[in-house]
2 protein chains.
Amino acid sequence: MKDHASAHAIDTRLRSMPPVRTLDVQLHDYDGTALRLHAPLDRNINDKGSAFGGSLATVATLSAWGLASLKLHEAGHADVDVYVQDSTMQYLAPLYDDLVACATLAPEQDWADFTGTFAQRGKARARLQAELRCADGTLACRFEGRFVALAQR
Amino acid sequence: MKDHASAHAIDTRLRSMPPVRTLDVQLHDYDGTALRLHAPLDRNINDKGSAFGGSLATVATLSAWGLASLKLHEAGHADVDVYVQDSTMQYLAPLYDDLVACATLAPEQDWADFTGTFAQRGKARARLQAELRCADGTLACRFEGRFVALAQR
C-alpha cells in the first residue's frame, strides 16, 4: 500500500455499504497508480457458472470510484463524495475466476488537475478506466466511467 | 403477467444466482412489452443513503437480460443462454426509493426478428434499454445494452 491510512479509509467506506459486504468486495492492493478490488467468484456467480454481469459492473465501477476517492484523500480532502456520472462496460470473455478489477486514470487525464480543481472549486471531474482479467491474462471486461467529486455539504 | 409460465421460469433462473438473492432482486411485473424488476433500497444502499451504483447497474442489466430471455422462452426456446455484450449507463439523479428497473426493447428493434433469427441460426442479437425512476417520476438512470442469445451446448 502506498498510503496506508488513505487506503484504509476508502476500504472502511466501501465496507460501510451493505451490497459491498454481501458481494464481499474488498480492497486488494494499491500501488499509487492502480487500485485493485477483489470479490470471490462463489458470491458473484451466475447461472452459467461464470462471474455475474452485475457483479462485474459493480466491482469495476467501485474500483474506479475507490481510486478517485483515494486520490482525493491522499491530497488531504477527506470529506468528499465521489459519484459516477456515466459508464460503458464491455463484456469480452466469461470469467471463471475470482473477480479482480484494476482501476487507473484514463490516459489523457491528470490527477494533479483533478485534485487541484477540487481544492479550488469544491468540485472536479475525472475519467477512469478499469479492467478485469481471467487468471490466464485474457481480458474479460473493460470499463470506462466519468466521475464527479463534490465537497460534502 | 402475460405469460405466467415463462415469467416464472425466468424468475427461477434469476433467483438461482447467489448475488441476485443477496441483493434481493425479484420480478416485479411483465405486461408483454416491459419487464420490471424490484430490489429493496436497504439491501442496495450506498454510503450516501441512496441506491448503490453497482446495484443500479445490476438491476438495469438483469431487467434487460430477463426480458430477452423471457421473449425467447415465450417463443418456445427454453434452453438459451443470453449474454450481455456491452452496455452504457447514465446516472442522472440519486434514488432514495426501492430500485425498480423497467426494460423494453430499443425502439428500432423487433422481437419477431430476434426470435426468428434465433430459431433459424441458434444465435441472435438484440439491443434493449432500461430505466429506473424515483418514486416522484424523476428519471434516475438510463441503461442501454446489447445482448446475444446462444443455444445451450
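Predicted model: local features only at pLDDT ≥ 70, side-chain atom pairs only at ≥ 80, totals over all residues.

Now look for a partner. A disulfide would need the two sulfur atoms within 2.5 Å. Hop over to chain B and pick B:Cys141: this one is in no disulfide either, with the nearest cysteine sulfur, in B:Cys134, 8.4 Å away. B:Cys141 is buried, at a relative accessible area of 1%. Count disulfides over all chains and you get 0.

Next, switch to a cartoon view and colour the strands. You'll find an open sheet of 12 strands, with antiparallel pairing. Start at E1(A) and walk through E2(A), E4(A), E5(A), E6(A) and E3(A); the next step takes you to E3(B), then on through E6(B), E5(B), E4(B) and E2(B) to E1(B). The edges are strand E1 (26-30) of chain A and strand E1 (26-30) of chain B, each pairing on one side only. From one strand to the next, the twist averages 25°.

E1(A) pairs with strand E2 (residues 35-39) of chain A over 4 bridges, in the antiparallel sense. Select A:Gln26 and you'll see A:His38 of E2(A) standing opposite.

Last stop: helix H1 (residues 4-15) of chain B. H1 packs on the sheet and touches E1, E2 (35-39) and E3 (80-91) of chain B. The direction of H1 makes about 160° with that of E1(B).

Methods. Residues numbered from 1 in each chain as written. Chains lettered and ligands numbered in written order. Heavy atoms only, no water. Pairing = 2+ DSSP bridges. Helix = DSSP H or I, 4+ residues; strand = E, 2+ residues; numbered from the N terminus. Axes fitted to C-alpha atoms, helices over the stretch in contact; angles between N-to-C directions. Contact = heavy atoms within 4.5 Å. Buried < 20%, exposed > 50% of the residue type's maximum accessible area, 1.4 Å probe, protein only.
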